[in-house]
Amino acid sequence: MSQKNIPYGFQTIENDDIDAVGNVLKSDLLTTGPKVAEFETALSNYVNANYAIVANSGTSALDMAVAALGLKPNSEIITTPFTFVASSNCILYNNCKPIFADINKETYNIDTDQIRKKITKKTKAIVYVDYAGQPCEIDELKKIAQDNDLFLIEDACHAFGAEYKGKRIGSLADMTIFSFHPVKHITTGEGGAVTTNNDEFYKKLKLLRNHGIDKPPSERADYSYDVKMLGRNYRITDFQCALGISQLKKIDRFLKRREEIAKRYKEELVNTDKLTIPYVMPNVKHAWHLYPIMVDKKINRDTIFTSMRQKGIGVNVHYIPIYKFSHYKQFGFIEKNYPTTEDIFSRILSIPIYPKMTDQDVDTVIREISNSLRG
Ligand SMILES: Cc1ncc(COP(=O)(O)O)c(C=O)c1O
């Protein structure tokens, strides 16, 4: 048994983060106050986008982004099946149809050749996911979008701080989505954001976050306001935004530590013939939300999973392909149409990676994974 449990991901909360939250809790405005705009400015500056709209989760941010496209019911949106279910639930919330395209066998990101094969007259958008923190081939996606008049939504919930060809993720698609769940690069407890350079999307996103209401109480001359469209309540509190502002100041340190851990895993595991370490494209900066290893075909991944969990190491499987879920059965997806997703799903295992991991924790994971593989 290892001495302590090591989860696959975990937040880093320090005293200044706690003070920042405490200060807001002592103030008059717990929500819709100044910290929201302050966090949005800090975020948009960080990702080099004109606008950031923060929300109460990454899932809410995805829903707002698809809603902002204003698509007709039954429009088709192409996405990856190898992601968290929120990436495609946002399509269903908006009465559109998710169409899955198989993934690339090296990056585990959506395969652009497969996307091309799935495009029909009804296709209106692509929701692509930067799996584990590695950006997709965005130039290729942009070309597909231009050729076929499609919108691009980048689900960058794994890729805060990542870069593609020297550009930080956040303004390369029509809209980009981030999550601030505790296992992500920075946290607000629950939280998320959409970033965009597009004025029209920005205006719609602001309405969508707050019931479609045109002006907040602070901007009203009297009691009157209008509801311009069907919105939601996806507002995030000021104390969460204060936490986000405080966390964002530490992002370089957090990303550096993730990178160090990934480097160490690579050095120690690259020569193990029973597993494959993640492939990193030469033109990206990986944000290392996850460190997914892939076990050899002859090895039973579930045996390794159980043995690691018994040792207190919180390995995980990212992801069960979305078409396997009960709710998705009604759409008639056929598993054998996604051979790469099926193969990767059967062999993938996320091992722990988060800034608070000590060198000793990293050594423990390396030792135990090597022992488990030896069997
Ligand atoms: C790829 C991806 N998209 C969306 C989400 C949803 O984010 P949230 O948990 O903030 O709603 C997650 C969360 O894990 C995710 O991994």
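Lys165 is found in the loop between strand S6 (163–164) and strand S7 (167–168). Its phi is positive, about 45°, although Lys165 is not a glycine. Helices (H or I, at least four residues) and strands (E, at least two) are DSSP runs, numbered from the N terminus. The model is predicted: local features need pLDDT of at least 70, side-chain atom pairs count only at pLDDT 80 or more, and totals for chains, interfaces and linings use all residues. Residue numbers start from 1 along each chain as its sequence is written.

- S6 and S7 run antiparallel and are joined by 2 bridges. Two strands pair if DSSP finds at least two bridges between them.
- Tyr164 has Lys167 in S7 as its bridge partner.
- These strands belong to an open sheet of 3 strands, in the order S7-S6-S11, with antiparallel pairing.
- S7 and strand S11 (284–285) are the edge strands, and each pairs on one side only.

**The sheet of 7 strands**

- An open sheet of 7 strands has mixed pairing and the order S1-S9-S8-S5-S4-S2-S3.
- Strand S1 (51–55) and S3 stand at the edges with a single partner strand each, so one side of each is left without a neighbour in the sheet.
- From one strand to the next, the twist averages 25°. Axes are lines fitted to C-alpha atoms, for helices over the stretch in contact, and angles run from 0 to 180 degrees between N-to-C directions.
- Strand S2 (residues 76–79) and strand S3 (residues 97–100) run parallel, with 4 bridges between them. Here Thr79 has Phe100 in S3 as its bridge partner.
- S2, H4 and S3 make a right-handed β-α-β unit. A crossover is right-handed if, with the strands pointing away from the viewer, the path from the first strand over the helix to the second runs clockwise.
- Strand S4 (residues 123–129) and strand S5 (residues 151–155) also run parallel, joined by 5 bridges. Val129 stands opposite Asp155 in S5.

**Helices across the sheet**

- Helix H2 (residues 34–47) lies across S1 and strand S9 (192–196), and runs at about 130° to S1.
- Helix H7 (residues 199–209) lies across S1, strand S8 (175–179) and S9, and runs at about 15° to S1.

**Ligand shell**

- There are 15 residues around the ligand, and Ser57, Gly58, Thr59, Cys157 and Ser179 come nearest. A residue is near a molecule or strand if its C-beta atom, placed from the backbone, lies within 6 Å of it.
- Helix H3 (58–69) and helix H4 (86–93) are the elements that give two or more residues to the shell.
- H3 supplies the largest share, 3 residues.
- The shell divides into 5 nonpolar, 9 polar and 1 charged residues. Ala, Val, Leu, Ile, Met, Phe, Trp, Tyr, Cys and Pro count as nonpolar, Asp, Glu, Lys and Arg as charged, and the others, Gly among them, as polar.

**Two domains**

- The domain assignment of the chain gives domain 1 (15–248) and domain 2 (252–374). Such bounds come from an automatic or database domain assignment.
- The centres of domain 1 and domain 2, taken over C-alpha atoms, are 25 Å apart.
- In domain 1, 28 residues are in contact with 26 residues of domain 2. Contact requires C-beta atoms, placed from the backbone, to lie within 7 Å.
- The side of domain 1 that touches domain 2 has 14 nonpolar, 8 polar and 6 charged residues.

**A cis peptide bond**

- The peptide bond from His318 to Tyr319 is cis, with omega near 15°.
- Tyr319 lies in the loop between helix H10 (301–310) and helix H11 (326–329).

Methods
Contact = placed C-beta atoms within 7 Å.
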